[in-house]
Amino acid sequence: MIKPNLKELGLATLEHKPLDTDSKVKYLMQKTEADVCLLTKSAEGMSLYHLEGIQDFEIIPSEVYDVTGAGDTVISVAALCLSQNTPTEILGFLSNLAGGIVCEYSGVVKLDKEKLYKEAVLHYNKSKKEAEKTKREISKYSKAIIIKSN
């Protein structure tokens with residue numbers, strides 16, 4: 001797994017400037033033999049590149065005070081999700097959400113795991129038909145992350 005932001009992606013692929021973002025990510029994944037790439041895109045959210053395709057995750061609006069540590073939080077939560085065999089859609093959602101939560105505070109802060117859980121259940125949207133199943137699923141993986149990180 002790799003987790004560049006847009007600036008880092010540009011620096012890592014300087015010799016391939018004419019490529020679009022998706023092509024740069026695919027090139028970098030091939031070069032590093034990564035099967036997952038989480039591309040953080042600041043106010044544009046995050047894109048998750050994996051063997052099955054690409055998924056985009058918008059930011060959940062909040063007050064942003066400081067982005068210090070957000071990328072570290074994203075990759076930490078993603079690694080925990082991978083260790084729990086979390087479905088990629090939930091991995092991306094939780095990682096993106098966690099990165100946003102730490103931006104709500106000034107300086108480097110510890111992720112508030114209970115807030116992650118509450119926000120995840122609140123913001124994870126699916127069709128009404130799947131809502132209960134999804135709520136149970138997001139609850140299961142969020143709780144697993146809380147337990148594993150203690």
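**Strands and their neighbours**

Guide: Gladly! Let's start with a pair in the sheet of this predicted model: Val36 stands opposite His50 in β2.

Visitor: In what order do the three strands of the open sheet come?
Guide: Five bridges join β1 to β2, residues 46–50, and the two run antiparallel. β2 and β3 also pair in the antiparallel sense, over five bridges. The order of the open sheet is therefore β1-β2-β3.

Visitor: Which strands stand at the edges?
Guide: The sheet is open, with antiparallel pairing. A strand with a single partner has one side left without a neighbour in the sheet, and that describes β1 (36–40) and β3 (53–57).

Visitor: How many residues lie between β1 and β2 in their hairpin?
Guide: Across this pair, Leu39 stands opposite Ser47 in β2. In the turn, Ser42 has a positive phi of about 55°. Between the two strands of the hairpin there are five residues.

Visitor: How many residues of β2 are buried?
Guide: Met46, Leu48 and His50 point one way from β2, and Ser47 and Tyr49 point the other way. Buried means under 20% relative accessible area, and β2 is mostly covered, with the buried count at five of its five residues.

Visitor: At what angle to β1 does helix α2 run?
Guide: Helix α2, residues 21–32, lies across β1, β2 and β3. Its direction relative to β1 is about 140°.

Key: Residues are numbered from 1 along each chain as its sequence is written. This is a predicted model: local features need pLDDT of at least 70, side-chain atom pairs count only at pLDDT 80 or more; totals for chains, interfaces and linings use all residues. Side-chain values use heavy atoms; hydrogens and water are left out. Two strands pair if DSSP finds at least two bridges between them. Helices (H or I, at least four residues) and strands (E, at least two) are DSSP runs, numbered from the N terminus. Contact means heavy atoms within 4.5 Å. Axes are lines fitted to C-alpha atoms, for helices over the stretch in contact, and angles run from 0 to 180 degrees between N-to-C directions. Buried means under 20% relative accessible area, exposed over 50%, partly exposed in between (1.4 Å probe, protein chains only).
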